[in-house]
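Thanks for making the time this morning.

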Amino acid sequence: MIIRARMIVPMEGDPIENGAVSVEGNRIVSLGRFDEVKADHGADVRDLGDQILLPGLINGHCHLDYTMLRGKIPPQQSFNDWIGEINTHKKTLQPEDYLSAIAAGFAEAKSFGTTTIVNLEAFPELLPRLDRPQLRTWWCAEMIDIRQPVSLPELSQNLRAWSESHPDLLGGIGLCPHAPFTASAQLYAEAGAIARIRDWLLTTHLAESREEMQAFRDANGSLFEFLQSIGRPMDDCGRETPLSFLLRRHLIDQRWIVAHLNELTESDFDLLAQSEKFHIAHCPRSHTFLGHAPFALRKLRDLGFNICLGTDSLASNSSLSLFSEMRELLRKEPWISSREVLEMATINGARAIGRGDSLGKIRAGFTADMISIPYAPGEMDVCATIVAFEGTVPWIMVDGEVLSPP
């Protein structure tokens, strides 16, 4: 198949006007100007017309379980109050509600041009009941062991068995100790060891809120008091920051996607300068909704960290649109270019999931995950046009398969 578009933005090199991409199976064979690609390949032509063709977007941090919570939780006085609201709603939900939420989340993400999702799955026991998603998905089992232990060998065996019984699934498996205040150091260590053996993704939440910083560093505050009230051992608090807690124990390394990193001290930046460069998932609109401290984008980039974008859940967001995340980031960080923001939703996301050699670009040999959006002839900055796009995408391809229009 040859796919022709008015403009191709391959995320490598310059945009190609009147371009085309040749696809065989699930792989990109070549790209270039339409007349050149057509002369080299005698395949059928799919002409997208006045469209911009670009790589599919990659969501580096998402909770599809909570799609049904859109608009249910107004902004709260504290992060702790927000967590309490989520838990209150969860008490009213059944497994079927989560299955419906995941399906709705996939449909919405697809409509906004997302082709790959890192999904933190709080209920991995539901995976056998899910239909095969059309999107490339890393299913990261979210684990909390402050109230009851987690049998990680049993969980990982179940995940492995489920994955092996579904060889047609796109993506992979991951492990997610939830956060330092809900997951023990032992759980982090065990997750890291198993993921290393099985080549699974690793992700976690870290330094997300003021309350988390206050609990760990100062051993006080609302989150500290709540955790103490439910019987969590608090002897790891009062000495260091959440980031320091994980780094000094060598519990995260370059394999991890760390979500948030909103609350950092100068001593944290000193540690980061010396640490292995893990990946960071930033969720701009959720960050705004929850009123976190400013995200240190420039400092973290200058230290060499790979930063990708996520939507978080609809408990703190209004949609699963990465276009909206890119616009929110530009609003808050006007010094960064549209091209750099687009890289965060494509190239950087691919690097974070360990697929920088096959996803995030339109390049010969890469997997054919692509989307298109309308192009207005005469636009000077095509990346700015992409970031400014609102609405649903008219065309999407995942793994070489053209999916039905959203």
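Before the pairs themselves, a word on burial: a residue is called buried when its relative accessible area is under 20%, exposed when that area is over 50%, and partly exposed in between, with a 1.4 Å probe and protein chains only. Please keep in mind that this is a predicted model, in which local features need pLDDT of at least 70 and side-chain atom pairs count only at pLDDT 80 or more, while totals for chains, interfaces and linings use all residues. Residues are numbered from 1 along each chain as its sequence is written, and side-chain values use heavy atoms, with hydrogens and water left out.

The structure contains 23 salt bridges, where a salt bridge is a side-chain nitrogen of Lys or Arg within 4 Å of a carboxyl oxygen of Asp or Glu. One of them joins the side chains of Arg136 and Asp369, with 2.9 Å from N to O. This pair links distant parts of the chain, 233 residues apart, since Arg136 sits in strand β8 (residues 136–143) and Asp369 in the loop between α14 (347–352) and β14 (370–374); helices (H or I, at least four residues) and strands (E, at least two) are DSSP runs numbered from the N terminus. Both Arg136 and Asp369 are buried.

Next comes the salt bridge of Arg196 with Asp253, whose closest N and O atoms are 3.7 Å apart. Arg196 belongs to helix α5 (residues 185–198) and Asp253 to the loop between α8 (242–247) and β11 (256–260), so the pair ties together parts that are 57 residues apart in sequence. Arg196 is exposed, at 52% relative accessible area, whereas Asp253, at 12%, counts as buried.

A further salt bridge brings together Glu266 and Lys299, at 3.4 Å from N to O. Here Glu266 is in helix α9 (residues 266–274) and Lys299 in helix α11 (residues 297–302), so parts 33 residues apart in sequence are tied together. Glu266 is exposed at 54%, and Lys299 is partly exposed at 38%.

There is also a network of salt bridges that links Arg6, Glu17 and Asp50.

Finally, the serine: where does Ser321 lie? Ser321 is placed in the loop between β13 (306–309) and α12 (322–332), and it is buried, with a relative accessible area of 3%. Its side chain reaches the backbone nitrogen of Ser324 at 3.1 Å. Leaving aside residues up to four places away in sequence, Ser321 touches Phe112, Arg285 and Thr311, contact meaning heavy atoms within 4.5 Å.

Technical notes:
A polar contact is a pair of N or O atoms within 3.5 Å; within protein, one must be able to donate a hydrogen and the other to accept it, and residues adjacent in sequence count only if both atoms are side-chain atoms.
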